[in-house]
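The sequence and the structure are shown first.

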Amino acid sequence: LPTVVARDYKMTFHDEFDGTRLDTTKWGYQYGCFDPAQRSQAQYTDSPDNVSVRDGYLNLTARYSPTKTKWDGTQIPRTCKHGSVTYDAPFTSGMITTKTKDGKVLYAAPGTGFYAEARIKLPSARPSWSAFWGTGTKGAYPANGEIDVFESKGYDPSHLMSNVHTPRIGEPNKTTQHQGMMKGDTATSQSEFHTYGVRKTSDAIEFYFDGKLTHTVKMSDIKGDNPFLDKDNNLVLMLNQMVGGSYLAKQSNWSDKTYVDATKFADDYKNANGAGATMYVDYVRVYEPKTEADKPAQPETPAQPTPAPAPTTAPAPVQPKPEPSQSAKPIAPVTPTPAPTQPTPAPTPVQPAPSQSANQSAQPEQSAKPSQPQKPEPKKPSADRKVTTIVYSRYHWVTTIWQGFRKWVITVWLW
């Protein structure tokens with residue numbers, strides 16, 4: 001799947017072809033000649049020879065069958081008619097569509113947007129013209145529009161053309177085509193299975209080969225009436241293998257019509273087991289954009305009520321209940337009572353106490369030293385202080401004699 005489809009789309013229709021017969025609740029048969037204007041040479045039937053389901057695949061097998069049986073048992077040649085021209089159509093083949101032969105739509109991809117994909121292995125019969133395609137549900141062709149996921153040419157396995165048909169300006173009975181070739185390992189389209197997909201959005205129609213974008217038609221590039229802008233114009237899906245027709249002219253030279261007339265290559269359709277002339281379809285699946293309800297974000301939002309356990313913790317108000325128990329703890333001054341029990345072993349704490357007090361006493365002394373200015377007196381006398389001390393000690397005897405002489409003079413005077 002393209003990344004955007006795998007991420008943003010959901011499957012809404014599918015058929016895996018796992019049964020033993022076509023699921024007619026999903027598919028209807030196409031009958032008779034188809035698109036005789038292209039001179040196609042196969043008549044579609046619901047015969048198991050042409051449409052069968054087995055081994056997990058839908059088989060659309062083209063066969064060489066030049067005659068058919070009338071109601072009365074007689075054999076008549078198979079022919080198709082376009083206008084007044086009748087021409088031989090000696091082949092039978094298969095075509096299924098999500099609409100019944102009576103016009104009842106069994107399924108249609110929504111015009112609002114979708115991705116449709118089929119896994120297919122193509123036939124190698126040279127005049128085979130196989131396709132996975134669809135037309136709109138509103139109006140008649142070509143006003144309803146056509147989307148060809150791919151159309152192939154049996155003689156060139158690499159030729160896988162995607163196309164969008166819309167009414168031509170001024171000639172509404174004809175179409176304007178917006179073609180593009182698929183790219184990738186297209187050369188193995190007849191030997192291996194590949195996926196062919198188309199995504200329609202409001203802005204463009206995109207074509208995918210093996211999940212890779214190969215061609216885009218922008219809505220803005222479609223001039224004139226564009227039926228694909230109508231969100232109510234859904235798409236009926238179709239799978240078929242046509243035989244012969246003008247489309248089989250060579251792409252490089254449309255005048256080369258070697259394979260347009262399939263009768264020259266009838267042997268390619270004569271194998272009893274349908275080898276080389278069978279279009280194998282593994283599955284058809286349709287996806288639509290997810291809505292808000294489909295996105296996994298919503299299942300996550302109910303998961304967000306995981307805060308709901310927070311309400312369980314919200315009984316944290318229960319914690320106030322232990323708070324009174326904590327208040328009971330201060331009420332019980334029992335904790336101070338153990339404190340007096342500690343003084344009882346005071347002899348043991350006494351030992352740390354003096355050591356601590358000694359340290360504490362030493363510490364205040366150290367702290368007192370910076371605070372007290374008397375510290376220099378005992379330890380660091382200044383130079384002036386030293387001189388004063390020396391002078392005083394040197395003349396002390398003179399002072400003593402003088403004081404004694406004064407006392408004697410006063411005594412004699414008084415006497």
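The structure holds 16 aromatic pairs, where rings of Phe, Tyr and Trp (its six-membered ring) pair if their centres lie within 6.5 Å, and planes under 30 degrees apart count as stacked, over 60 as edge-to-face and the rest as tilted. The model is predicted: local features need pLDDT of at least 70, side-chain atom pairs count only at pLDDT 80 or more, and totals for chains, interfaces and linings use all residues. Residues are numbered from 1 along each chain as its sequence is written, and side-chain values use heavy atoms, with hydrogens and water left out.

**Aromatic pairs**

- F91 and Y269 form an edge-to-face pair, at 5.2 Å centre to centre and 65° between the planes.
- F91 belongs to strand β12 (residues 91-93) and Y269 to the loop between β23 and β24 (278-289), so this pair ties together parts that are 178 residues apart in sequence. Helices (H or I, at least four residues) and strands (E, at least two) are DSSP runs, numbered from the N terminus.
- F91 and Y269 are both buried; buried means under 20% relative accessible area, exposed over 50%, and partly exposed in between (1.4 Å probe, protein chains only).
- Y115 and Y208 also form an edge-to-face pair, with 5.8 Å centre to centre and 80° between the planes.
- Y115 lies in strand β14 (residues 114-121) and Y208 in strand β21 (residues 204-209), so the pair ties together parts that are 93 residues apart in sequence.
- Y115 counts as buried at 0% relative accessibility, and Y208 counts as buried at 6%.
- Ring pairs also link F13, F17, W27 and Y107 into a cluster.

- The largest pocket has a volume of about 980 Å³. On a 1 Å grid over the protein atoms alone, a pocket is an open set of points with protein on both sides within 12 Å along at least five of seven lines, a cavity is a set where a 1.4 Å probe fits but cannot get out, and lining residues have an atom within 4 Å of a point.
- Among the 44 residues that line the largest pocket, F34, D35, W133, Y141 and E146 are the closest to its centre.
- Elements giving two or more residues to this lining include β15 (128-136), β16 (146-153) and β17 (156-168), and the largest share, five residues, comes from β15.
- By class, the lining of the largest pocket has 18 nonpolar, 18 polar and eight charged residues. Ala, Val, Leu, Ile, Met, Phe, Trp, Tyr, Cys and Pro count as nonpolar, Asp, Glu, Lys and Arg as charged, and the others, Gly among them, as polar.

**Cavity**

- The structure holds one cavity of 30 Å³ or more. Grid points are joined across faces, edges and corners, and a volume is the space filled by probe spheres set on the points.
- The largest cavity contains about 30 Å³ of space, and its lining residues include F114, I147, K200 and F228.
- The lining of the largest cavity has six nonpolar, three polar and one charged residues.

**Chain and a loop residue**

- The chain has 10 helices and 24 strands, and 37% of its 415 residues count as buried.
- Of the contacts (heavy atoms within 4.5 Å) between residues at least 6 apart in sequence, 69% join residues at least 24 apart.
- D221, in the loop between β22 (212-218) and β23, is partly exposed, with a relative accessible area of 45%.
- The C-alpha atoms of D221 and A204 are separated by 9.1 Å, and these residues are 17 apart along the chain.
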